[in-house]
Amino acid sequence: MEDLFQVGVITTTHGIKGEVKVFPTTDNIERFKKLKKVLLDTGKETLELEISHVKFYKNLVILKFKNFNNINEVEPYKGKNIFVTREQAVKCEKDEYFIADLIGMETVTEDGTILGEVKDVLQTGANDVYVIQVRENSPYISRISNKKRELLLPAIKECILKVDMEQKKIQVHLMPGLLEEN
């Protein structure tokens, strides 16, 4: 399981007093109000930064970090990612999971047949979609016509029957029309 979760990307500086504009990569932008510290990946090291204040502007978050008081001190961090630890992460509700925890999970059908593994999760307006990399030895591989051998499964109760985080398995139901016919 992942221990760090990305919550934003520093896009640019804001003013001359060391503030930065952050594009949030979290579902809940209000979470920044409660954060006291974040981790900044500089590319060479990870810095723990204390947040001194938070403001919101349009779809961005403006952060001021303690001990950074001018534009020149924060300029090098443009384009860098901001993370929080699992302990700081927003708690998931029932039947909600962190995308990072779903990646790599094995998918099996109702009868126990191995389908493949979760390669990615697409976030759409209506529901998430799990991108399943179908295994070459899966009996379903012949019914997948795309060259990437991927199956797109909507993350709805009719398709995703059970998620077992401990076993790293997802039990799925393949609704009619999900498999492509050659």
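Tutor: Gladly! Two strands count as paired if DSSP finds at least two bridges between them. Keep in mind that this is a predicted model.

Student: Thanks! Which residue of β4 stands opposite Asp41?

Tutor: Start with the pairing: β3 and β4 run antiparallel and are joined by five bridges. They form a hairpin with four residues between them, and Gly43 in that turn has a positive phi of about 100 degrees. The residue of β4 that stands opposite Asp41 is Thr46.

Student: And in the hairpin of β4 and β5, which residue takes a positive phi?

Tutor: Here too the strands are antiparallel, with six bridges between β4 and β5. Phe56 faces Val61 in β5 as its opposite residue. Two residues lie between the strands of this hairpin, and the one with a positive phi, near 55 degrees, is Lys58.

Student: How many residues does the largest nonpolar core have?

Tutor: Among the residues with the most contacts inside this core are Ile10, Val22 and Val38. At least two of its residues come from each of β1, β2, β3, β4, β5 and β6. Val38 is in contact with residues including Leu47, Phe65 and Ile82, leaving aside neighbours within four places in sequence. The residue count of the largest nonpolar core is 21.

Student: How many residues are in the other core, apart from that one?

Tutor: Leu115, Val118, Cys159 and Val163 are among the members of this other core. In general, nonpolar side chains tend to be buried together in soluble globular proteins. The number of residues in this other core is 20.

Conventions
Residues numbered from 1 in each chain as written. Predicted model: local features only at pLDDT ≥ 70, side-chain atom pairs only at ≥ 80, totals over all residues. Heavy atoms only, no water. Core = buried A, V, L, I, M, F, W, Y, C linked by side-chain atoms within 4.5 Å. Buried < 20%, exposed > 50% of the residue type's maximum accessible area, 1.4 Å probe, protein only. Contact = heavy atoms within 4.5 Å.
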